[in-house]
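This briefing is meant for someone meeting the structure for the first time. Please look over the sequence and the model below before reading the notes that follow.

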Amino acid sequence: MARGHQKIQSQQKNAKKQAEMKKSKGHDQKTAAKAALVFTCSVCKSQMPDPKTFKQHFESKHPKSPLPQELEGVEA
């Protein structure tokens, strides 16, 4: 086992290695999933990943509300 100065150097080297691994790991699944939710319903504020899902949601959950401008040309 390392002692004294060699032990301190080893700990510093390991801490640096761990920090680099953590930085290079990037993002986790939760962050990526949250970033993928681009569209937000103006009525209920729920979030959807794509316009097709958004239009299906809007037509089924809010049939009496007028369709938003961004969903006019989208095919469900």
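**Histidine 62 and its surroundings**

Leaving aside residues up to four places away in sequence, histidine 62 touches Cys41, Val43, Cys44 and His57. The model in which these contacts are found is a predicted one, and the points below move from this residue to the annotated span, the chain as a whole and a second residue for comparison of position.

*Histidine 62*

- Histidine 62 is placed in the segment that comes after helix 3, the helix that covers residues 51-61.
- Is histidine 62 buried or exposed? Its relative accessibility is 12%, and because buried means under 20% relative accessible area, histidine 62 counts as buried.

*The annotated span*

- According to the UniProt record, which is an unreviewed entry, residues 39-61 carry the annotation "domain: C2H2-type".

*The chain as a whole*

- The protein chain contains 3 helices and 2 strands, and read from the N terminus on, these elements follow the order α-α-β-β-α.
- The radius of gyration of the protein chain is 25 Å, well over the 11 Å that the globule rule gives for 76 residues, so the chain is more spread out than a compact globule.
- Taken along the principal axes, the box filled by the C-alpha atoms of the protein chain has dimensions of roughly 75 × 20 × 15 Å.
- Of the contacts in the protein chain with a separation of 6 or more, 2% are accounted for by residues 24 or more positions apart.

*Burial, surface and charge*

- Buried residues make up 13% of the 76 residues in the protein chain, and histidine 62 is one of the residues counted as buried.
- The protein chain exposes about 6700 Å², of which carbon and sulfur atoms supply 53%.
- There are 15 positive and 7 negative side chains in the protein chain, and the centres of these two sets lie 20 Å apart.

*Lysine 13*

- Lysine 13 is found in helix 1, which covers residues 5-25, and with a relative accessibility of 65% lysine 13 counts as exposed.
- How far apart in space are lysine 13 and proline 49? From C-alpha to C-alpha they are 42 Å apart, and in sequence lysine 13 and proline 49 are 36 residues apart.

Note on methods
Residues numbered from 1 in each chain as written. Predicted model: local features only at pLDDT ≥ 70, side-chain atom pairs only at ≥ 80, totals over all residues. Heavy atoms only, no water. Helix = DSSP H or I, 4+ residues; strand = E, 2+ residues; numbered from the N terminus. Rg over C-alpha atoms; globule rule 2.2 N^0.38 Å. Buried < 20%, exposed > 50% of the residue type's maximum accessible area, 1.4 Å probe, protein only. Contact = heavy atoms within 4.5 Å. Areas by Shrake-Rupley, 256 points an atom, 1.4 Å probe, with all protein chains shown as cover. Lys, Arg positive; Asp, Glu negative; His and termini not counted. Charge placed at Lys NZ, Arg CZ, Asp CG, Glu CD. UniProt positions renumbered as here; feature names shortened; annotations may be inferred.
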